[in-house]
Amino acid sequence: MLNGCRYQIALCRASAEGDYSYYHVDAPITEKELTPGQLQVCNEAADMCRDNVESPYYMYSGRGTYDIRHPADDPTPGVPFADYLNLPEIQQALGVTLNYSGSNGIYYQFQNSGDFIFPNFRLDLEWLLDQDVRVSLAYGDADYICNWFGGQAISLAVDYTHSKEFRAAEYAPMMVDGTEYGEVRQYGNFSFARVYEAGHEIPFYQPIAALAYFNRTLNHYDIATGEEFVTANLTTEGTVNATHTNSFVPLTSSTVEVFPSPIYSATTVTTSTMAGY
């Protein structure tokens, strides 16, 4: 729509790109501070997209931000790891001297600076891949805020030396000890994986798969099996699309309030109606 999310993203980038040099192998790494006016244009675009594209799900679905199978007020997976990370012996093992905090202060700094809209971090992925750095993307398929559809879209949009070959690769099962935990598309150093039955923090939901994924990436083995050393033209074979279907999980609440505002009369929608939304 006029002045909508994509329209304002374009305004932000048109305003800012002339004053910003992206990392590039053949260009100097320079960066100029954006002016307050440019930051405001990008901040307004971020607000528009949050409020009108992302937020309706939060307002009307009744489902979780980090796990769509759970109600919105469900704290799963919770934050017991904060106490664990603040144990002296754990901090010593990690080599850190500050206490861990779950504060969203950094998130709001990004939000207020317009960084969610500009610069385009896809270009950073492209630069890394063109330097032969290994890039592994993994998404839990029950996560909303970093959903696997968006992850898949960005993986296919990445434009680097071997993007054509990556897009031609197929989805192979991600196997660990004979169990299929997900599907992965991989060509050489670049991979995208959809992990089944996992929310935002994949290791909480699928610890075995997460550890295998991490070790295979770090030790330069293929994501699908962990048995094949990655070569420049390693290519996954299987299906064109990630076709695995999870079972529908109904919410514990039978209704979700729509338009919870005094301006409108309260309306309810059954969760069965919302199931295909």
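In the predicted model, Gln-186 stands opposite Ser-191, a residue of strand E4. Strand E4, which covers residues 190–195, runs antiparallel to strand E3, which covers residues 179–187, and six bridges join the two.

Strands E3 and E4 belong to an open sheet of four strands, in which the order is E1-E4-E3-E2 and the pairing is mixed. The edges of this sheet are formed by strand E1 (135–140) and strand E2 (171–176), and because each of these has a single partner strand, one side of each is left without a neighbour in the sheet. From one strand to the next, the twist averages 30°. Helix H10, made up of residues 207–218, lies across E1, E2, E3 and E4, and the direction in which this helix runs is at about 110° to E2.

A further residue considered here is Leu-129, which is found in helix H6, a helix that spans residues 122–130. The relative accessible area of Leu-129 is 5%, and because a residue counts as buried when this value is under 20%, Leu-129 is classed as buried. When its neighbours within four places in sequence are left aside, Leu-129 is in contact with Val-135, Val-158, Tyr-160, Asn-189 and Phe-190.

Notes: Residues numbered from 1 in each chain as written. Predicted model: local features only at pLDDT ≥ 70, side-chain atom pairs only at ≥ 80, totals over all residues. Heavy atoms only, no water. Pairing = 2+ DSSP bridges. Axes fitted to C-alpha atoms, helices over the stretch in contact; angles between N-to-C directions. Contact = heavy atoms within 4.5 Å. Buried < 20%, exposed > 50% of the residue type's maximum accessible area, 1.4 Å probe, protein only.
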